[in-house]
Amino acid sequence: MEKILHQPLGGNEMPRFGGIATMLRLPHLQSAEGLDAAFIGVPLDIGTSLRSGTRFGPRQIRAESVMIRPYNMATGAAPFDSLSVADIGDVAINTFNLLDAVRIIEEAYDEILEHNIIPLTLGGDHTITLPILRALHKKHGKIGLVHIDAHADVNDHMFGEKIAHGTTFRRAVEEGLLDCDRVVQIGLRAQGYTADDFNWSRRQGFRVVQAEECWHKSLEPLMAEVREKVGGGPVYLSFDIDGIDPAWAPGTGTPEIGGLTTIQAMEIIRGCHGLDLIGCDLVEVSPPYDTTGNTSLLGANLLFEMLCVLPGVVRR
């Protein structure tokens with residue numbers, strides 16, 4: 001099958017406030033067949049522990065993506081010149097049953113990955129990363145991880161439940177999905193119950209970069225260290241929008257002060273160039289708490305940056 005290089009709808013073809021609100025104004029396809037990468041929405045928020053609303057994240061991120069143009073002026077990345085990319089819609093989760101929703105997500109990604117694509121996921125709360133990792137593990141084996149977040153998400157349980165947005169990476173470790181010596185968590189901060197809230201990750205072999213290590217500096221040197229640690233195998237990039245300070249990203253369920261800046265967020269993603277990225281997600285955008293739309297706008301731009309660092313993207 002000849003590769004079709006789908007192009008975003010240009011601003012001179014249809015006003016940016018018009019047309020169907022797909023991600024980056026790309027074509028909406030029913031299947032991932034023939035694609036190299038695909039944007040997928042997972043509108044889940046029944047795994048959240050404080051403020052809900054992330055079920056509306058995929059739709060609003062798509063709506064705020066209309067201003068994004070196809071060429072990255074900073075890095076020279078031209079993803080649509082080399083990869084076949086489209087928006088393949090949302091996973092039809094069970095909004096009344098979290099465990100069933102997790103099953104549905106895993107099965108949906110099993111099917112999507114049969115087409116050998118790289119999924120770029122619009123969340124949705126951070127629970128969704130666990131079933132995605134389960135599906136990717138079946139295809140790639142143990143996975144390295146670059147995880148940006150205010151929280152480690154390694155709780156043993158939340159209200160007695162083993163599956164929730166704050167337990168994702170403990171379950172991933174217990175299930176053998178991660179190559180723990182190739183995991184980095186960036187932006188962790190705020191208060192905890194004990195030091196073990198972050199030290200559990202360290203004991204598994206994770207590199208934990210607390211937010212205070214990132215204050216007042218460029219993260220380019222850190223990302224050189226990250227590439228050294230996580231390289232050498234398949235890597236997943238999971239970006240919780242609450243890793244960014246609520247001054248820039250207020251529209252999220254569990255905001256914490258003292259976070260990363262938008263510039264540092266771009267440095268982190270751009271610093272993943274050259275890694276064997278097999279998937280990415282942007283989670284925890286909650287439009288009801290995003291009165292200006294800036295959090296969704298930021299999420300859309302970070303997803304474009306993720307697309308730009310995927311393997312095979314040409315730079316010109």
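## Salt bridges

A salt bridge here is a side-chain nitrogen of Lys or Arg within 4 Å of a carboxyl oxygen of Asp or Glu. By this rule, the predicted model holds 19 salt bridges.

Let's begin with Asp87 and Arg62, whose closest N and O atoms are 2.7 Å apart.

## Two more pairs to find

Asp156 and Lys162 also form a salt bridge, at 2.8 Å from N to O. Asp156 is partly exposed, with 30% relative accessibility, and Lys162 is partly exposed at 42%.

Now look at helix H4 (residues 168-174), where Arg171 and Glu174 sit 3 residues apart, or about one helical turn. Their side chains meet in a salt bridge of 2.8 Å, N to O. Arg171 has 4% relative accessibility and is buried, because buried means under 20%. Elsewhere, salt bridges with shared partners link Glu106, Asp110, Arg134, Lys138 and Glu175 into one network.

## The sheet and its helices

You can trace an open sheet of 8 strands in the order E2-E1-E3-E8-E7-E4-E5-E6, with parallel pairing. Its edge strands are E2 (85-90) and E6 (207-210), each pairing on one side only. From one strand to the next, the twist averages 15°.

Helix H1 (residues 57-64) packs on this sheet, touching E1, E2, E3 and E8. Helix H2 (residues 98-113) packs on the sheet too, touching E1, E2 and E3, and its direction makes about 165° with that of E1.

How values were computed
Residues numbered from 1 in each chain as written. Predicted model: local features only at pLDDT ≥ 70, side-chain atom pairs only at ≥ 80, totals over all residues. Heavy atoms only, no water. Pairing = 2+ DSSP bridges. Helix = DSSP H or I, 4+ residues; strand = E, 2+ residues; numbered from the N terminus. Axes fitted to C-alpha atoms, helices over the stretch in contact; angles between N-to-C directions. Contact = heavy atoms within 4.5 Å. Buried < 20%, exposed > 50% of the residue type's maximum accessible area, 1.4 Å probe, protein only.
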